Amino acid sequence: MATPAQRLMPTSARPTAAALRDRFRAVRGASEALAAALSPEDACVQSMPDASPAKWHLAHVTWFFETFVLERAESDFRAHHPAFRELYNSYYNGIGRQFPRPQRGLITRPSLDEVLAYRRAVDTRVLAVLGDDADAALLATVELGLHHEQQHQELLLMDIKHLLSVNPLHPAYADATAQVAAASAATGGWQDCAGGLVELGAHGDAFSFDNETPRHRAWLEPYRLATRLVTNAEWCEFIADGGYTNPLLWLADGWATVSAEDWKAPLYWRNLDGEWFEFTLHGLQPLDPHAPVVHVSHFEADAYAQWAGARLPTEAEWEAALADQPCAPAFALHPRGSAGAQPFADAFGQVWQWTRSAYLPYPGFSPAAGAVGEYNGKFMSNQQTLRGSACITPSGHARVTYRNFFYPQQRWAFCGLRLACDA
């Protein structure tokens, strides 16, 4: 019987131990490179309950390797620090208690230096057990851990952006003199999609998470999908036409949220003397009209689609239309869109795209046994699915079957939208 970790990756796709050692060093180094621009103060603070301090991210992904790899692979396993088992456990009830998520910013100790030392110690031990004779279960768990760490690399940037955005000095994560290059106007249009019986979900030899499986069939009525993302200029038209003040455009929960939170624009937009600016990881920048709109909730995306006389695509429509789209985008700190005439050139590496599909299990899905099974399955309630990838998604982490998910009111992720309509 396959182990829980093996069920998350096809048998034929298991990398060699040597390849995993190289990738382990690269992914672990990338996390620390992202954190290198932060001061110890930056790395400790939590700006809202949904976010986590950068220091916590660095420790948690290390906890994952210590808990799921070393505890099983070392015959004489000894915890680096017994308290870390609870302190850096995110949501794995099968492992034990967790420190309350909204209070992670209170964990001033251990220090950032101690967390980095924890990483080095665990790295040494993981590489020691990841020998050429490592069994398939160990290889699969390490591979899962690396993809898990890449998810937290994106979360780290999301969270530090939110933290810096609440500072009235508008500090930049990256060099403030490194201005975001303006996007060029992209040709828009619609792609007619025949629909019919389609196959969806992960297959073949590539890595996938369990929520991307099993491969299954679905029936789609004919539809049309926008060949590019909605832009800032188009969102400005929505605002000017009273989009945030017209209750007829909004879902009931959306209107309740926009009223309670007094939303008037996307999360990081600032209106200064009648001109729109946008807070980015490069600091406060003039709003680029041709760039994709980003940091909008599902509620906002749905209201915009209603205003535009369209709708959001289902995740099945999105995947079927983009099944053959290349997905190897370059990493960037802010989306710029694509000026190319090729349809769907901005499907990956710009913004995650909201769909109208609830995040639910595929037909035949069952979570893996044990604590690893808590990775995705238990979140399949009250959330919406997003597709594509963002500019800050790590290289090699995007694929057409990837199912991201957030609650419909959340805006701090790099989320935008692509429109759809019935044929």
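**Helix packing and the nonpolar cores**

In this predicted model, the buried residues of helix 5 pack against helix 1, helix 2 (40-44), helix 3, helix 4 and helix 6. The buried set on helix 5 itself consists of L112, V115, L116, Y118, R119, V122, D123, R125, V126 and V129. So a glance at the spacing in that list makes sense: an α-helix has 3.6 residues a turn, so residues three or four places apart point the same way. As for its geometry, helix 5 runs to 18 residues and covers 26 Å between its first and last C-alpha, close to the 26 Å expected at 1.5 Å a residue.

Next comes the pairing of helix 3 with helix 6. Their axes approach within 9 Å and cross at roughly 170 degrees. With the cut-off for this class set at over 145 degrees, helix 3 and helix 6 are therefore roughly antiparallel to each other. On the helix 3 side, the contact is made by A54, W56, H57, H60, V61, F64, F65, F68, V69 and A73. Helix 6 answers with L138, T141, V142, L144, G145, L146, H148, E149, H152, L155, L156 and D159. Sorted by type, the residues of this contact come out as 14 nonpolar, 6 polar and 2 charged.

Now for the cores. The largest nonpolar core holds 94 residues, and those with the most contacts inside it are Y88, V142, Y173, W235 and L417. Two or more residues each come from helix 1 (17-35), helix 3 (54-73), helix 4 (84-87), helix 5 (112-129), helix 6 (136-165), helix 7 (232-240), helix 9 (298-307) and strand 8 (352-358).

P363 counts as exposed because its relative accessibility is 54%, and the threshold is over 50%. Setting aside neighbours within four places in sequence, P363 is in contact with P214 and H216. Relative to T124, P363 lies 239 residues away in sequence and 41 Å away in space, C-alpha to C-alpha.

Notes
Residues are numbered from 1 along each chain as its sequence is written. This is a predicted model: local features need pLDDT of at least 70, side-chain atom pairs count only at pLDDT 80 or more; totals for chains, interfaces and linings use all residues. Side-chain values use heavy atoms; hydrogens and water are left out. A nonpolar core is a set of buried Ala, Val, Leu, Ile, Met, Phe, Trp, Tyr and Cys residues joined through side-chain atoms within 4.5 Å. Buried means under 20% relative accessible area, exposed over 50%, partly exposed in between (1.4 Å probe, protein chains only). Helices (H or I, at least four residues) and strands (E, at least two) are DSSP runs, numbered from the N terminus. The expected span of a helix is 1.5 Å times one less than its number of residues. Contact means heavy atoms within 4.5 Å. Axes are lines fitted to C-alpha atoms, for helices over the stretch in contact, and angles run from 0 to 180 degrees between N-to-C directions. Angles under 35 degrees count as roughly parallel, over 145 as roughly antiparallel, 65 to 115 as roughly perpendicular and the rest as oblique. Ala, Val, Leu, Ile, Met, Phe, Trp, Tyr, Cys and Pro count as nonpolar, Asp, Glu, Lys and Arg as charged, and the others, Gly among them, as polar.
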